[in-house]
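Subject: Structure for you to look at

Hello,

I am handing over the structure we spoke about. Please open it alongside this note.

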Amino acid sequence: MLLTIDVGNTNITLGLFQQKKIFATFRITTRNNKTSDEYGSLILDILTARGIPVEGIEDVIISSVVPKIMYSLTSGIIKYLGVEPTVVGIGTRTGIKINRTDPREVGSDRIVDAVAAYELYGGPCIVIDFGTATTYDLIGPEGTFEAGVTSPGIRISAKALWNETAKLPEVEILKPKSILGKDTITSMQAGIVYGYIGQTEYIVRHMKEECVFSDVKVIATGGMGRIIYENTDCIDVYDSELTLQGMRLIYEKNRNKK
C-alpha cells in the first residue's frame, strides 16, 4: 500500500492506495507544535482503528505547504511506520515544466494538482484548488505550468467578515435559496457564496481570454469546491481526490529513483 499525505495550512489529508485506487482517506488538523511521537502515534492509531496493518504500508509520499511541521512529521513516520517518506520538492520528477519567472516559487501542492489534472484529464486546463487559499493554475497542452492566480479561500473570506465586524455572527457557509437575503445570516451567506461564485467565473473567463490556448478544461478540487462546482457552469469537473492522485502519479515517476 502507498500512503499519500497532503499537508495543508488547515488540515492534513491522508490517502491509502492499492494500485491506482484510493480505498481509505483520513483527515487531521495541522498543528505546528506536535512532536514526532505525536504525529507518528496519531497516524498509527488512525490506521489501527480502521483495521489497516502498518506493515502493509510499503511507501509514503508527502506534499507540504507547511515547512515547520516537516521534521516532526517525517521523523514520526520513520519511527512509527518504518518507512522513509518521499517529499515532493526540488529535484522530484513530475513531468511538469514550469514556465514561470522563478519555478521555485510554485508550491508543491500546485505542482501535484497540475500533474493529476494534466495526466487524468489532459491539457490545456485550468486547475482550481479551493483550499485555505484558492489557487487557479493554467496548464498548457504539453504539460507546462504557465501561470497562476491566488486569492483568499472561502473560509478565510468568511472569517474576515465576522471577525472584523462587531455585530455580524459566524455563519455556516452554504448557498441560500435566493441572493435576496431576508435576514443577517442569509445576507451573509449570499455575499460569501454568490460572491465566490462570481469571483470564480470572472477569473476563469479572463484566464481563458488572455491565454493562447483553446478548448481549456476547468478542473476543481478542495473542500469547499463542491459548493462552487454545483452552482456554476464554468467548472467542467470536480475531483475531490485530485491532490492524492497527483501524489500517486509523482510517486510512480520517482519509484525507481528512490
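Confidence

This is a predicted model. The protein averages a pLDDT of 91, and 98% of the residues score at least 70. Confidence is highest in strand S10 (residues 217-221), at a mean of 97. It is lowest in strand S6 (residues 97-98), where the mean is 88.

Strand S1

Start at residues 2-7, which form strand S1. S1 is mostly covered, with six of its six residues buried. Leu 2, Thr 4 and Asp 6 point one way. Leu 3, Ile 5 and Val 7 point the other way. Both sets are buried.

Which strands pair with S1? One is strand S2 (residues 11-18), antiparallel to S1 over six bridges. A hairpin of three residues connects S1 to S2. Within this pairing, Val 7 has Ile 12 as its bridge partner. The other is strand S4 (residues 59-64), which runs parallel to S1 and is joined to it by six bridges. There, Asp 6 stands opposite Ser 63.

The largest pocket

The largest pocket holds about 930 Å³ of space. Its lining counts 33 residues. Closest to the centre are Asp 129, Phe 130, Gly 131, Thr 132 and Gly 223.

Several elements supply at least two lining residues each. The strands are S2, S3 (21-29), S7 (125-130) and S8 (133-139). The helices are H3 (108-121), H4 (154-163) and H7 (242-254). H4 gives the largest share, four residues.

What is the make-up of the lining, by nonpolar, polar and charged residues? It divides into ten nonpolar, 15 polar and eight charged.

Helix H7

H7 is one of the helices that contribute to the pocket lining. Its length checks out: at 1.5 Å a residue, its 13 residues should span 18 Å, and the end C-alpha atoms lie 19 Å apart, which agrees.

Is H7 mostly covered or mostly open? Mostly covered: eleven of its 13 residues are buried. The buried set includes Leu 242, Leu 244, Met 247, Leu 249, Ile 250 and Tyr 251. Arg 248 is buried as well.

Best wishes

Note on methods: Residues numbered from 1 in each chain as written. Predicted model: local features only at pLDDT ≥ 70, side-chain atom pairs only at ≥ 80, totals over all residues. Heavy atoms only, no water. Buried < 20%, exposed > 50% of the residue type's maximum accessible area, 1.4 Å probe, protein only. Pairing = 2+ DSSP bridges. 1 Å grid on protein atoms, 1.4 Å probe; cavity = no way out; pocket = protein on both sides within 12 Å on 5 of 7 lines; lining within 4 Å. Points joined across faces, edges and corners; volume = space filled by probe spheres on them. Nonpolar A, V, L, I, M, F, W, Y, C, P; charged D, E, K, R; others polar. Expected span 1.5 Å × (residues − 1). pLDDT = per-residue confidence, 0-100.
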